Amino acid sequence: MTEPQTPAPPAGMSGAAGPLMRIVKNQKIAFLLAGGVNTALGTAWFIVWQLLIGERYGYHAAIVLGYLCNVLCAFAMYRYLVFRVRGHFLRDLLRFFVVNFGAFLANISLMTVAVSVFHFPPIPSQLVVTAVMAVVSFFGYRDFSFRRKSQDPTP
């Protein structure tokens, strides 16, 4: 009888499987679960800030504050719970911010169009924009932020 093998990490990633991977046995699903948690947290942060300061400072401030509250948590979840990559911490963090900040800029742009141009309410608009950005971000994180080349050893 052969032992079940852990599937290879996607997109050339390397490192031990993270704790979430050990539970769900599929790194793509683990990635999506962590992304779902981060998306929910980011959305919750937006709603909290919108309710606390939105009337006074507007939804843009709520987006910025929600982003700041959530981005490091998201990085830690992906890096330690899903992929468990080693080395290149600052490079991974920088790449993560590139993808994440790109999504953030797209979020503000899409929210501005939805709320200021089409006059949709901010909270439902953010829910729709978040769903779109989650799909786009998945590929950026998978293929760029935590990617390891096969010849790039992990210490």
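**Entry 1: ground rules and fold**

Helices here are DSSP runs of H or I with at least four residues, and they are numbered from the N terminus. I note that this is a predicted model. I looked up the elements. The protein has five helices and zero strands. Along the sequence they read α-α-α-α-α. I then asked what share of the residues is buried. Of the 155 residues, 37% count as buried.

**Entry 2: α2 against α3**

I looked at helix α2, residues 27–57, beside α3. Their axes come within 7 Å and cross at roughly 160°. Angles over 145 degrees count as roughly antiparallel, so α2 is roughly antiparallel to α3. I checked the hand of this crossing, and it is right-handed. Which classes of residue make up the contact of α2 with α3? I found 22 nonpolar and eight polar residues there, and no charged ones.

**Entry 3: C69, a residue of α3**

I picked out C69, which lies in helix α3. Its relative accessible area is 32%, and with that C69 is partly exposed. I also checked C69 against L41. The two are 28 residues apart along the chain, and their C-alpha atoms are separated by 9.1 Å.

**Entry 4: α3 against α4**

Next I took α3 and α4. The axes of this pair come within 10 Å and cross at roughly 150°. That angle makes α3 roughly antiparallel to α4. The crossing of α3 and α4 is right-handed. I sorted the residues of this contact by class: 19 are nonpolar, five are polar and two are charged.

**Entry 5: aromatic rings**

How many aromatic pairs does the structure hold? I found nine. One of them joins Y78 and F96, with ring centres 6.1 Å apart and planes at 55°. Planes under 30 degrees apart count as stacked and over 60 as edge-to-face, so the pair of Y78 and F96 is tilted. I placed both rings on the chain. Y78 sits in helix α3, residues 59–83, and F96 sits in helix α4, residues 89–117. The pair therefore ties together parts that are 18 residues apart in sequence. Are Y78 and F96 buried or exposed? Both Y78 and F96 are buried.

**Entry 6: F118 to F120**

I turned to another aromatic pair, F118 with F120. The ring centres of F118 and F120 are 5.8 Å apart, and 20° lies between the planes. This pair is stacked.

Then I checked H119. Where does H119 lie? H119 is in the loop between α4 and α5, and α5 covers 122–145. I noted the backbone angle as well. Phi of H119 is near 60°, a positive value in a residue other than glycine. Is H119 buried or exposed? H119 has a relative accessible area of 64%. Exposed means over 50%, so H119 is exposed.

Methods
Residues are numbered from 1 along each chain as its sequence is written. This is a predicted model: local features need pLDDT of at least 70, side-chain atom pairs count only at pLDDT 80 or more; totals for chains, interfaces and linings use all residues. Side-chain values use heavy atoms; hydrogens and water are left out. Rings of Phe, Tyr and Trp (its six-membered ring) pair if their centres lie within 6.5 Å; planes under 30 degrees apart count as stacked, over 60 as edge-to-face and the rest as tilted. Helices (H or I, at least four residues) and strands (E, at least two) are DSSP runs, numbered from the N terminus. Buried means under 20% relative accessible area, exposed over 50%, partly exposed in between (1.4 Å probe, protein chains only). Axes are lines fitted to C-alpha atoms, for helices over the stretch in contact, and angles run from 0 to 180 degrees between N-to-C directions. Angles under 35 degrees count as roughly parallel, over 145 as roughly antiparallel, 65 to 115 as roughly perpendicular and the rest as oblique. A crossing is left-handed if the near helix is turned anticlockwise from the far one by less than a right angle, and right-handed if clockwise. Ala, Val, Leu, Ile, Met, Phe, Trp, Tyr, Cys and Pro count as nonpolar, Asp, Glu, Lys and Arg as charged, and the others, Gly among them, as polar.
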